[in-house]
Number of protein chains: 2
Amino acid sequence: MDAARRKQPRNRRKMQSVTMSDVAELANVSPSTVSLFLRKPEAVSATASQAISRAIDKLNYVPNLMAGGLAAASSRAVSILVPSVRNAFFAETVSSMQAALKKQRLQLILGHTEYDEHEEEELVRMALSWAPAAIVLTGLSHSAATRRLLANVAIPVIEIWELGGPQIDTAIGFHHGQVGATVAEHLIQQGRRNLLFLGARMHQDRRAKQRCDGFLQAAGAAGVSAQVVKHPDTASAEIGSMLLAEALRLHPETDGIACSNDHIALGALFACERLKVAVPDRLAVVGFGDLSFSSACNPPLTTVRPSGDLIGREAARLIEAHLHGEKSDGPHTIDTRFTLQHRRSS
Amino acid sequence: MDAARRKQPRNRRKMQSVTMSDVAELANVSPSTVSLFLRKPEAVSATASQAISRAIDKLNYVPNLMAGGLAAASSRAVSILVPSVRNAFFAETVSSMQAALKKQRLQLILGHTEYDEHEEEELVRMALSWAPAAIVLTGLSHSAATRRLLANVAIPVIEIWELGGPQIDTAIGFHHGQVGATVAEHLIQQGRRNLLFLGARMHQDRRAKQRCDGFLQAAGAAGVSAQVVKHPDTASAEIGSMLLAEALRLHPETDGIACSNDHIALGALFACERLKVAVPDRLAVVGFGDLSFSSACNPPLTTVRPSGDLIGREAARLIEAHLHGEKSDGPHTIDTRFTLQHRRSS
DNA sequence: TGGGGCAATCATAGCGCTACGATTTATGTG
DNA sequence: CACATAAATCGTAGCGCTATGATTGCCCCA
């Protein structure tokens with residue numbers, strides 16, 4: 001192990017066809033300048049800029065973000081973890097967020113937790129291994145390990161779609177309890193005195209549960225009776241129909257119904273039609289979500305319109321601000337509110 | 001620039017708290033062994049494995065995928081580009097694909113093209129800069145530049161949700177023309193002789209257009225009259241209602257309607273109810289998509305169920321196979337089919 | 001006793017880029 | 001015109017990991 005300096009032959013490597021050095025060479029500048037141009041074009045002279053962009057075009061250069069991210073110790077990826085993108089609410093947020101982030105050339109890495117904290121924990125771990133520029137979680141409820149993983153990261157941690165609990169860093173959303181209360185008050189104001197909440201999957205969907213609780217509480221506060229009928233599966237119109245039939249069987253005096261979301265409400269309306277229950281004369285129905293069909297059904301559905309779109313945009317704005325060096329002054333809460341869409345079903 | 005060897009002081013760097021070397025040190029092995037353990041656990045002895053996993057746990061080590069990807073010249077990311085995840089069809093595929101890929105510890109990077117080829121091109125460029133393990137596009141129609149970008153990549157390029165055109169590499173989906181034909185044949189078999197297609201956004205949504213074309217062609221082949229009424233905006237129940245009213249005004253003799261998707265069909269059913277048009281007696285309605293409400297509405301909607309879920313799973317399977325070194329024997333086509341769900345609306 | 005064959009482990013050379021500091025060139029200013 | 005100052009550019013040392021080939025230790029059989 002002394003003399004005879006070990007001469008490693010020269011191991012080949014796979015590689016990228018065109019690198020930044022190739023661009024630099026063609027543009028007659030140093031690689032540093034190309035890198036600078038790509039990151040802060042305004043810091044490079046007009047002549048150099050022109051030569052570089054010409055070279056990039058000619059060579060069809062695609063930067064390697066992994067090399068860049070490794071060197072810069074942070075990537076241009078944003079991780080977002082939602083229960084499921086099949087759920088229109090989260091799809092909307094994901095979509096609006098991605099649209100806003102694209103302007104910053106940030107990419108979205110998507111994960112589905114399926115309402116499972118353990119799954120979420122694993123996804124957070126995977127997400128962190130990308131050294132993302134920010135990480136977005138749904139809701140305020142996470143496993144202890146998840147909290148520990150996120151406690152000391154230097155990037156923004158944003159919790160969306162829920163407000164009113166202990167938050168890790170920034171939370172963007174609204175109070176689901178308030179939604180329930182608003183609906184109860186609306187129904188009471190419409191003269192309803194026998195209220196009922198139709199809920200699906202409330203053992204997993206904390207936010208649906210919160211809406212239900214807010215509803216019951218507000219009804220109680222107003223001295224109005226309120227019942228709950230629920231189903232363990234994912235919300236769908238089919239389940240909404242079943243639940244409505246069951247509700248009227250168990251509580252025939254019911255005259256005002258709040259649904260955990262518009263799928264349930266739609267199913268309830270279908271069932272009312274089949275059972276010849278007049279809406280809203282005999283029974284008022286209110287949903288949550290203002291989905292695409294809600295304004296079109298018979299009768300048009302009174303519902304609460306959340307701000308899924310705004311949540312995504314605000315999250316993107318925050319990430320952008322952080323990227324531009326604006327220090328966040330401690331934990332932050334953004335209430336994006338919701339609005340009651342009063343239509344003819346109530 | 002001769003003597004006085006430039007002595008660069010020693011520039012500090014941001015860094016990751018726990019690296020693979022830390023794990024190696026604690027486990028009393030070399031970093032190579034840790035790396036090997038992480039990639040091929042079966043190649044490491046039981047004792048070493050145990051020591052390493054203990055060290056990983058103790059240090060809470062999170063591997064840096066960017067460093068890994070850079071060294072290996074390929075990342076554990078899969079890029080998927082869909083028109084929009086707000087569209088339930090694509091949401092389903094994205095969701096099932098992500099679930100399948102998670103087992104391989106592959107992450108999904110999501111992009112929305114909004115039915116714009118130029119947007120898609122830009123997203124492909126961004127996607128490639130991650131050196132993904134595979135790239136998934138929606139449809140077979142892409143800009144020339146996109147094709148050029150993807151022509152020589154060494155990774156699987158998978159086009160989903162469309163079959164029957166020139167494909168870049170592998171295509172997974174079904175023939176939308178066949179969907180239209182199947183619906184037309186079904187309506188004709190049900191005794192309908194005055195057919196009509198209700199379409200939304202067909203100038204952008206090539207696949208809706210293909211369904212329409214297949215419908216018209218099959219009707220023509222059977223010697224049955226067929227009309228089209230369309231709207232430029234995104235499909236929704238509201239537009240479905242409008243289109244149905246317009247259709248009955250322009251073509252009052254119509255007795256069988258195919259809709260570009262279930263949102264339109266739902267709106268059509270709502271309109272029929274309001275206009276007291278009996279479904280299916282006076283008018284048969286068929287949709288596309290088998291969305292969550294389609295089995296619950298009044299009457300339950302006859303519709304075509306595509307295989308969005310299967311498309312995602314098949315794509316994931318292909319990517320997995322490629323990752324495990326199975327060479328693809330040239331361009332490949334997987335027809336995931338569709339099924340007609342005959343319900344009471346026809 | 002001497003290796004041949006194998007399994008397990010290791011040392012090393014980058015992957016392509018960014019950040020830092022240094023250097024060079026342009027621009028004032030008294 | 002000297003000198004400070006700003007603007008533009010460059011050289012270099014890693015970022016944390018993987019792939020390659022080399023090395024070590026061990027068993028087995030002639």
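Me: How do you know that the two copies are related as by a two-fold axis?

Reply: This is a predicted model, and the relation is computed from its coordinates. A rotation of 180 degrees, with 0.0 Å of shift along the axis, superposes chain A on chain B with an RMSD of 0.1 Å. The two copies are therefore related as by a two-fold rotation axis.

Me: What makes you say that the copies meet through the same surface?

Reply: Of the interface residues of chain A, 100% are also interface residues in chain B, so the same surface is used by the copies. In this interface, 49 residues of chain A are in contact with 49 residues of chain B. The elements of chain A that each give two or more residues to this side are α4, α5, β2, α6, α10 and α11. By class, the side of chain A that touches chain B holds 25 nonpolar, 16 polar and eight charged residues.

Me: Why are β2(A) and β2 of chain B called paired?

Reply: Two strands pair if at least two bridges are found between them. β2(A) and β2 of chain B have three bridges, in the antiparallel sense, so the strands count as paired. Within this pairing, L110(A) stands opposite L108(B).

Me: How confident is the predictor in chain A, and where is the pLDDT below 50?

Reply: Chain A averages a pLDDT of 93, and 94% of its residues score at least 70. Over residues 1-10 of chain A the pLDDT is below 50, and this stretch has zero contacts in the model beyond near neighbours in sequence. Where pLDDT is low, the predicted coordinates should not be read in detail.

Me: What span is expected for helix α9 of chain A, and what span does the model give?

Reply: Helix α9 of chain A covers residues 206-221, which is 16 residues. At 1.5 Å a residue the expected span is 22 Å, and the helix reaches 22 Å from its first C-alpha to its last. The buried residues of α9(A) include R207(A), Q210(A), R211(A), G214(A), F215(A) and A218(A). An α-helix has 3.6 residues a turn, so residues three or four places apart point the same way. The buried residues of α9(A) pack against α8, β6, β7, β8 and β9 of chain A. Just after α9(A), G223(A) takes a positive phi of about 70 degrees.

Me: Why is F37(A) called buried?

Reply: A residue is buried if 20 or more other C-beta atoms lie within 10 Å of its own. F37(A) has 24 such neighbours, so F37(A) counts as buried. F37(A) is found in helix α2 of chain A. Leaving aside neighbours within four places in sequence, F37(A) is in contact with V44(A), A48(A), S49(A) and I52(A).

Me: What makes the phi of E114(A) and of D290(A) worth a remark?

Reply: Most residues other than glycine have a negative phi. E114(A) is not a glycine, yet its phi is positive, about 55 degrees. D290(A) is not a glycine either, and its phi is about 50 degrees. E114(A) lies in the loop between β2 and α6 of chain A, and D290(A) in the loop between β9 and β10 of chain A.

Me: Are E114(A) and D290(A) buried or partly exposed?

Reply: E114(A) has 14 C-beta neighbours inside 10 Å, so E114(A) counts as partly exposed. D290(A) has 22, so D290(A) counts as buried.

Me: Which residues are joined by the cis peptide bond with omega of about 5 degrees?

Reply: Most peptide bonds are trans. The cis bond in question joins V279(A) and P280(A), and P280(A) is found in the loop between α11 and β9 of chain A. In chain B, the bond from N298(B) to P299(B) is cis, with omega near -10 degrees. P299(B) has its place in the loop between β9 and β10 of chain B.

Terms used: Residues are numbered from 1 along each chain as its sequence is written. Chains are lettered from A and ligands numbered from 1 in the order in which they are written. This is a predicted model: local features need pLDDT of at least 70, side-chain atom pairs count only at pLDDT 80 or more; totals for chains, interfaces and linings use all residues. Two residues are in contact if their C-beta atoms, placed from the backbone, lie within 7 Å. Helices (H or I, at least four residues) and strands (E, at least two) are DSSP runs, numbered from the N terminus. Ala, Val, Leu, Ile, Met, Phe, Trp, Tyr, Cys and Pro count as nonpolar, Asp, Glu, Lys and Arg as charged, and the others, Gly among them, as polar. Copies are superposed by least squares on the C-alpha atoms of residues with pLDDT of at least 70 in both. pLDDT is the predictor's confidence in each residue, from 0 to 100. The expected span of a helix is 1.5 Å times one less than its number of residues. A residue is buried if 20 or more other C-beta atoms lie within 10 Å of its own, exposed if 12 or fewer, and partly exposed in between; C-beta atoms are placed from the backbone.
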